[in-house]
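These are my notes from one sitting with a single structure. I wrote down what I looked up, in the order I looked.

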Amino acid sequence: MSEICILGTGTWGTALGRMLANTGHDVVMWSAIEKEIDSLSSTSVHPNLPGMVIPQQIRFTKSIEEACVNREVIIFAVPSVFVRSTASTASPYIPDDQIIVDVGKGIETDTLLTLSEVIKDELQKDGTHQDIKLVALSGPTHAEEVALDMPTLIVSACTDLEVAEKIQDIFSNTCMRVYTNIDVKGVELCGALKNIIALASGISAGLGYGDNVKAALITRGMAEITRLGMAMGCVDQTFAGLSGMGDLIVTATSVHSRNNRAGYLIGQGKKPDEAVKEVGMVVEGINALLAAMKLSKQYGVELPIISAVDAVINHNADPAKTVATLMQREKKTELTKSALDINFESSLLRNTRRAGMKRVITYGTFDLLHYGHINLLRRAKALGDYLIVVVSSDEFNWNEKHKKTYFTYEQRKQLLEAIRYVDLVIPEENWQQKRSDMHEYHVDTFVMGDDWKGKFDFLKEEGVEVVYLPRTPEISTSQIKHDLYDANAVDGESKTSHEEINTDPQ
Ligand code: C2G
């Protein structure tokens, strides 16, 4: 059980408060609008969620201090335009290392900060709250359905995965399934911009267009948001996920969506402010438009659908003519990479996914990486599709091979991983691990230079093909050292001959 504070008693904050209280958490709720607190305290019903009973154990308060103190988690559930002022009011009562969850969706117009960034910016203004932890909780989550305990999935995003997982634990229950993500920016960008695409979807429906346009707007709208997100350094998977495509679908297709409803009224000919008034609740898509247009310009990413919505909402453009203009834009491809890249990548995938992909393994120190090593690795890879290189750890080299390497294990690993023949690099820590490696990595072929000829034939007992390849003459790590330094100065190089090394498994 956790102590939770929810700032904001709108539909989403209240639906979450009910869920958290019903799943055993201690919930206190605050609103800046005192009559909301009076009404919720006395009626236990939220005006926009008539079917929902608010649990008696939720405390409602008009004091933000009483709401914030001694709370494990503080949830910001206020409209995007009030996030900064709420953070400013709450700041004196929020501990420096507080976990804060933002469930709002939007971007601050003049700073282009996402809402969790706004909270952090406001709380850290005076140099305090340096250890604050911000989580964005976002996904395809209509409050109306959560209020009825309908199954819902959501994303808990925090750069600190442990914190994301803590919120995942608190919000997980039989009705809500939580996924973690570390791409907070991507999750919040999706949350803000999908509302604009939902406006577009509503406008098209208001114009009398059908599902074809709705599906097109969702698909191409997500492509726009993804292009912008990638330009801003977000993670591509986020946009195909719950807070991206998931939330866009639910917002652009559902009657519960205020953005969709406002768009419909505008498509029917109402002015934006008339439509918002009739919807009677905050239409975040309209609030996000200016920020989206500024981001589009700042990152040089074209957002045709979002720009069209901006033209209709903020520049009085005729909705029907705007759709016609969109339809007659210059012809485009869906591909975001050149056809050549696509073909190359798909042929690589085809090869590696080919049934019975052959897995090859080889072992070595690979110090002062040279063309003899590369020749070995290239020929080893040619024997299959996937090459695992097992590199001697620093301890193994010193204790067993009596070799002092020039490069550390990590440096030798990094060098090997840069070679296009190499697919995986793992540590060699003892002579005995080969037998189990063959099974753990599903090896088909074991490869070594023929200076090891016969030494590893026992691996055939593990069902593995054993191949010894001719060494590349005249080059070796020790040769390089000798050539670089006076032979006498080279010490600690006395590599025990292979014959003397006991390679038989114990
Ligand atoms: N090699 C080669 N030609 C060279 C030098 C090395 O083909 N001129 C091969 C070796 O035969 C070996 C691989 O490159 O297969 C790595 O060589 P080293 O780094 O010297 O590996 P080594 O110290 O022999 O360790 O358990 C096996 C050991 O880890 C092998």
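Entry 1. Before counting sheets I needed a rule: two strands pair if DSSP finds at least two bridges between them. I also kept in mind that this is a predicted model.

Entry 2. I looked up the sheet that contains β11. I found an open sheet of 5 strands, and the order is β13-β12-β11-β14-β15. The pairing in this sheet is parallel. I then asked which strands stand at the edges. They are β13 (424-428) and β15 (465-469), and each of them pairs on one side only. On average, neighbouring strands here are turned by 25° against each other, direction ignored.

Entry 3. Strand β12, residues 386-392, runs parallel to β13, and 5 bridges join them. For I388 I noted the bridge partner L424 in β13. A general point belongs here: strands of a sheet pair through backbone hydrogen bonds, either parallel or antiparallel.

Entry 4. Next I checked which helices touch these strands. Helix α18 lies across β11, β12, β14 and β15 and runs at about 145° to β12. Helix α20, residues 409-417, packs on the sheet as well, where it touches β12 and β13. The direction of α20 makes about 160° with that of β12.

Entry 5. I moved to the ligand. How many residues surround it? I noted 21, and the closest are K403, E428, K434, D451 and I475. By kind, the shell divides into 7 nonpolar, 8 polar and 6 charged residues. I found that β11 (359-364), α18 (371-381) and β14 (445-449) each supply at least two residues of this shell. Helix α18 gives the most, with 3 residues.

Entry 6. I looked for backbone atoms beside the ligand. A polar backbone atom of T365 is 3.0 Å from an oxygen atom of the ligand. T472 has a backbone N or O atom 2.8 Å from a nitrogen atom of the ligand. For I475, a backbone N or O atom lies 2.6 Å from a ligand nitrogen atom. I also noted the area: the ligand taken alone exposes 640 Å², and the protein buries 97% of that.

Entry 7. I went on to another sheet. This open sheet has 8 strands with mixed pairing, in the order β5-β2-β1-β6-β7-β8-β9-β10.

Entry 8. A136 stands opposite A157 in β9. Helix α7, residues 161-171, packs on this sheet and touches β1, β6, β7, β8, β9 and β10. Its direction makes about 175° with that of β10. Helix α8, residues 184-206, lies across β7, β8, β9 and β10, at about 40° to β8.

Entry 9. Last, I looked up a pair of strands joined by a hairpin. Strands β3 (residues 45-46) and β4 (residues 49-53) pair in the antiparallel sense over 2 bridges. The hairpin from β3 to β4 passes through 2 residues. H46 stands opposite L49 in β4.

Notes
Residues numbered from 1 in each chain as written. Predicted model: local features only at pLDDT ≥ 70, side-chain atom pairs only at ≥ 80, totals over all residues. Heavy atoms only, no water. Near = heavy atom within 4 Å. Polar contact = N/O pair within 3.5 Å; in protein donor to acceptor, adjacent residues only side chain to side chain. Areas by Shrake-Rupley, 256 points an atom, 1.4 Å probe, with all protein chains shown as cover. Helix = DSSP H or I, 4+ residues; strand = E, 2+ residues; numbered from the N terminus. Nonpolar A, V, L, I, M, F, W, Y, C, P; charged D, E, K, R; others polar. Contact = heavy atoms within 4.5 Å. Axes fitted to C-alpha atoms, helices over the stretch in contact; angles between N-to-C directions.
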